[in-house]
Amino acid sequence: MNNFRLFLACLSIFAVFVSCEDERYDLSQGVDLTVSIGGDSLALPIGTTSSISLKSLMDSYGGNAGADDYIKVLEDGTYAFMMSGQESFEFDQISSGGLSMDDYSVSSSIDIAITEGLQSGYASEIPPLYIDFDEVLDFSMSIDDVPGQIESLDSIILSSAYIDVDLYLENLPDLGADGKISVKAGMTIPESLILDGMSGNYYYVDEPLSEDGRLNVRIPVRGLRIGDIENGAITFNETVGLAGSFILEDVSIDHGELIGREVTLGYSALFGNIMPTDVYGKFNYSIDDYNVSVDIGNSLPDFMKGDDVVLDFSNPFLLLSLNTNISIPFEASMNLTPFVGESPNVDGIQEISMKMKASQSADSYVENNYMVGVSDKSLSEYPGYEFVQAELNGLLNPVPDSLRLSLSAAVSEMDQYHIVLDCSYSADIDYELVVPFELGPDFKAGFSETVDIEAGNVADIITDMLRSGKVAVLKGEMTNSIPLNLAFNIKAVDQYGQLLPVSSKDGVLPACNPDGSPVVAPWRLELSADAPIDENASIGGLIIDIRIASGEDISGIPVGEDDFVKLSVSFQLQGGFEGNIEDLMKTE
Amino acid sequence: MKKIIFIILAACVSLSAASQTLQTNYFVKSSSDRNTLNPAFAPYHGYVSLLHTNLSIESNLSVDKFLYPMADGSLATFLHPDISAKNALSAFRKVNYLNADFGMNLFSIGSFSKSGNAFWTIELGLKYDMETSVPYGLFDFLKRGMHDSNTAYSISNISTRHEAMLHLSTAYSRNINDNLRVGGRLKLLASLARADVAVERMDIKMSDEEWRVRTKMSGRLAFAPMHLSVSGNNEFNMDWDMSSIAPAGYGAAIDLGAEYKFDGILEGLNVSAAVTDLGFMYYSSSALSGIGSDKEIVYTGAENIDFTGSDIGSQFEEIGQMFQDMIVMENKPVDKSLTRMLSARFYIGAEYELLNDIMSVGLLYQGRFGVNRYYNELTASYNLRPCEWFALSLSYSFLNAYNTIGWALHLTPPAGLNFYIGSDYTFFKTAARPYVLPLKSTYANIEFGLSVPIQGFKMKKLRQQGN
């Protein structure tokens with residue numbers, strides 16, 4: 001009995017050993033299979049980019065059609081914005097017709113008595129008889145319509161003008177069979193005539209008369225000396241003097257019968273073939289204002305446009321090449337005016353003056369080459385160019401819509417020059433605006449690029465992580481040889497292209513070293529949600545805004561096509577990645 | 001006095017060790033099963049076993065180390081981001097193991113000799129066991145991952161072993177004298193299949209720029225009808241040859257045991273000792289196939305990635321594919337046969353009978369060499385046998401990962417059916433229904449058996465004559 005009671009007592013111990021359910025571990029409600037993957041600092045190495053050369057970036061982001069035509073690469077590999085143009089001018093001809101004159105003739109006659117001359121010293125000879133004359137012919141000519149380009153004339157060159165002087169005797173008595181007549185006379189030609197082959201204007205003849213009793217002398221005239229031009233006309237009031245003697249020799253007739261007898265002297269002068277070819281003088285030639293408007297707005301690549309863009313280039317220059325055959329040097333004046341819309345940016349106007357050399361002849365052209373710029377450091381690349389200093393770096397800052405190039409030229413009216421009449425004078429102007437990408441400290445530009453993210457697990461996972469408040473981090477190390485500081489931030493759009501409330505803190509890629517060598521530095525970009533993200537939204541793309549800027553320590557370093565940036569990239573979620581065990585176990 | 005001793009023995013510390021046989025049965029004299037713990041033991045009568053099954057799981061990993069109640073009433077895994085690493089990792093040990101056993105007798109008979117002295121058994125059984133070992137470092141890596149910009153892990157000795165085998169055994173025990181009884185068992189073993197996978201070492205270095213993993217691992221399969229290989233693209237190929245259906249390996253083992261009953265002043269004190277599974281398994285090379293990996297893989301991402309106008313999503317897809325291509329397994333042909341020693345166990349017990357052996361108290365020490373660790377356990381038990389056909393044993397095990405309470409109930413009438421059921425590890429805290437899972441410990445086993453007694457009345461009479 002005691003043993004049985006003891007048995008029951010031991011059995012009662014079992015009452016203590018009763019399993020107790022812990023309601024906290026209610027497995028019927030399932031288990032949250034969310035897990036943290038890889039720890040709170042997991043960074044997924046994405047990889048490294050290739051060395052992204054500036055050339056490839058420019059090819060991708062150069063932007064609008066046509067901009068490629070203006071972004072060139074100089075011989076040293078530096079990028080440059082280059083615009084060029086060409087224009088030709090014709091100078092107004094100075095017509096010879098305006099300076100031509102009709103042939104001009106004047107004649108007269110006079111009765112002159114034969115006189116006995118002085119014993120000539122020929123004791124055994126019969127002294128000659130003389131007909132002395134001293135007459136004047138009046139010339140009065142005019143050029144009535146002097147071309148307007150002529151300010152004043154020194155001389156007119158004639159091609160084959162002449163003065164014909166004609167002397168003849170009438171009513172001449174019989175002089176006997178052996179009688180002969182010669183003339184010794186001097187002709188005083190007008191000073192305004194430039195005689196060819198003669199230094200003065202006195203022409204002497206000593207010749208026998210022709211059988212018909214005439215003497216004809218043709219004196220070539222090379223040119224005309226010109227005096228004042230009054231009211232567009234040039235007047236010549238000149239005289240031709242004829243003085244001399246007819247000498248009657250070997251006259252077998254009694255001199256007494258001849259002496260005193262009057263003979264009619266006829267004389268005339270003809271100024272003919274007055275055809276000018278060249279002129280010497282002062283001229284008022286000018287080139288009408290030449291204006292060309294260069295469309296900057298459509299010529300710049302997209303990343304150089306925008307309200308935030310500051311195009312600060314340290315070494316822009318303008319190459320001018322003017323070829324002309326005009327034999328007059330003239331002064332050229334060029335105005336560069338940036339326009340914003342229709343309004344000129346007065347503060348950016350540049351005025352440049354240049355002297356253009358004259359050609360040696362109308363058949364040859366002379367080159368006038370100028371480099372107009374801030375500094376002459378690129379001059380050595382353009383042999384034969386002359387440097388003209390001008391502060392062109394303000395032309396593109398602020399960014400104009402267009403740039404007007406105005407050119408005018410005029411000859412000096414103070415000096416005398418030679419012009420060939422009826423000649424086509426012309427000038428060709430080649431201009432090239434070269435803006436090497438040697439950036440000033442204030443240079444700023446920017447562009448955007450959209451990167452698509454294909455719908456799928458990756459996009460959904462990243463969206464879920466951002467929706468849960470996590471911060472996505474892209475980071476790594478970058479090598480940058482571009483002399484530009486790059487700052488970038490990212491916005492996200494959903495699968496329909498609508499902006500998501502997701503943005504980033506600025507990531508920064510510092511520029512290369514001041515000596516142009518590549519810089520190696522860490523970089524980091526954080527992306528997070530600014531506001532709740534719609535449950536149905538998923539990241540469909542990223543908009544990357546990139547701003548590039550120069551700086552004091554890197555200004556002036558050329559930006560070349562071989563400059564590059566290279567990135568190593570890893571992806572991290574602050575707080576770690578999360579996933580669901582069931583999803584992770586699924587295989588495709 | 002014996003009552004006092006019995007009450008005192010209420011507090012015990014549990015220990016755990018995977019045991020194929022209920023160790024709570026060790027001091028249950030009517031148990032037909034305890035013979036497998038010490039071949040010197042004999043039950044009250046012979047038997048023909050109709051059903052004998054045991055299932056055990058032991059691990060120092062428990063449900064509450066993997067699942068955590070959240071503030072909102074839900075459950076989350078230890079990998080949940082809201083569970084701190086400190087809390088989660090404090091639950092794990094330097095070596096974390098999970099072992100499981102399943103055994104069933106296909107045929108078993110035990111019988112006494114005519115004199116009732118000797119007892120012999122014949123058994124044919126099927127057993128499956130598994131051992132898995134996971135170091136703390138792996139959980140640390142899973143939970144903390146990359147926790148700063150340069151993180152390194154060195155994880156070694158991850159292993160798992162699975163084996164199914166048939167065993168045919170015969171045991172014999174007898175009294176040497178009034179005090180000493182000895183016994184032994186001879187087991188013939190046939191391995192149906194065995195698989196071992198071991199990661200000897202895994203070195204992981206993670207930084208922003210690269211992930212570097214060096215893994216040295218090996219896997220071996222012993223399964224005669226199928227040869228396992230791996231092709232270049234990490235595809236596993238199973239080549240079946242049904243003509244070579246045969247055990248993957250053969251082995252033998254012996255069990256030895258002894259029991260000494262004191263008399264005189266120490267009468268009632270019984271001490272016993274046994275060693276079991278002293279043996280080996282042999283696997284021929286033709287049944288073995290091996291794969292392995294001893295490579296360092298470095299992932300630095302893709303070269304020449306393009307973010308300008310490209311599809312970032314496809315970039316990540318490529319990265320995912322790259323990870324899949326990182327793991328490279330290669331064949332490790334096994335040209336030598338393999339012989340391995342079995343995990344021997346030894347038992348040392350002491351029992352003191354009380355109240356004319358109506359009850360007793362006992363202390364049992366068990367030791368076992370596992371794949372990666374040594375297991376030992378100390379079990380204190382209280383055994384109640386108010387009559388020959390009823391026995392109840394309560395035990396408390398300690399010295400291992402958990403202290404647990406065990407129990408066993410034996411109904412062994414001399415005729416009819418004999419039934420027993422018991423568990424060495426009783427869990428009190430479970431997850432809420434419908435899943436009855438132990439919460440605080442993962443030591444559990446259950447064993448039950450059904451048999452038909454033979455020689456019941458004969459042995460009862462002989463025992464009565466002996467007393």
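Two strands count as paired if DSSP finds at least two bridges between them, and strands themselves are DSSP runs of E with at least two residues, helices being runs of H or I with at least four, numbered from the N terminus. The model is predicted, so that local features need pLDDT of at least 70 and side-chain atom pairs pLDDT 80 or more, while totals for chains, interfaces and linings use all residues. Residues are numbered from 1 along each chain as its sequence is written, chains are lettered from A in the order in which they are written, and side-chain values use heavy atoms, without hydrogens and water.

**Exercise 1.** Describe the pairing of strand S7 with strand S28 in chain A, and the sheet that holds them.

*Solution.* Strand S7 (residues 79-90) and strand S28 (residues 426-436) of chain A run antiparallel and are joined by 11 bridges. Within this pairing, Phe89(A) has Ala427(A) as its bridge partner in S28(A). The open sheet of chain A has six strands in the order S6-S7-S28-S20-S24-S25, with mixed pairing. Its edges are strand S6 (71-73) and strand S25 (386-389), each of which pairs on one side only.

**Exercise 2.** Determine where Asp196(B) lies and whether it is buried or exposed.

*Solution.* Asp196(B) belongs to strand S7 (residues 180-207) of chain B. Asp196(B) counts as buried because its relative accessibility is 16%, where buried means under 20%, exposed over 50% and partly exposed in between, with a 1.4 Å probe and protein chains only. In chain B, 53% of the 467 residues count as buried.
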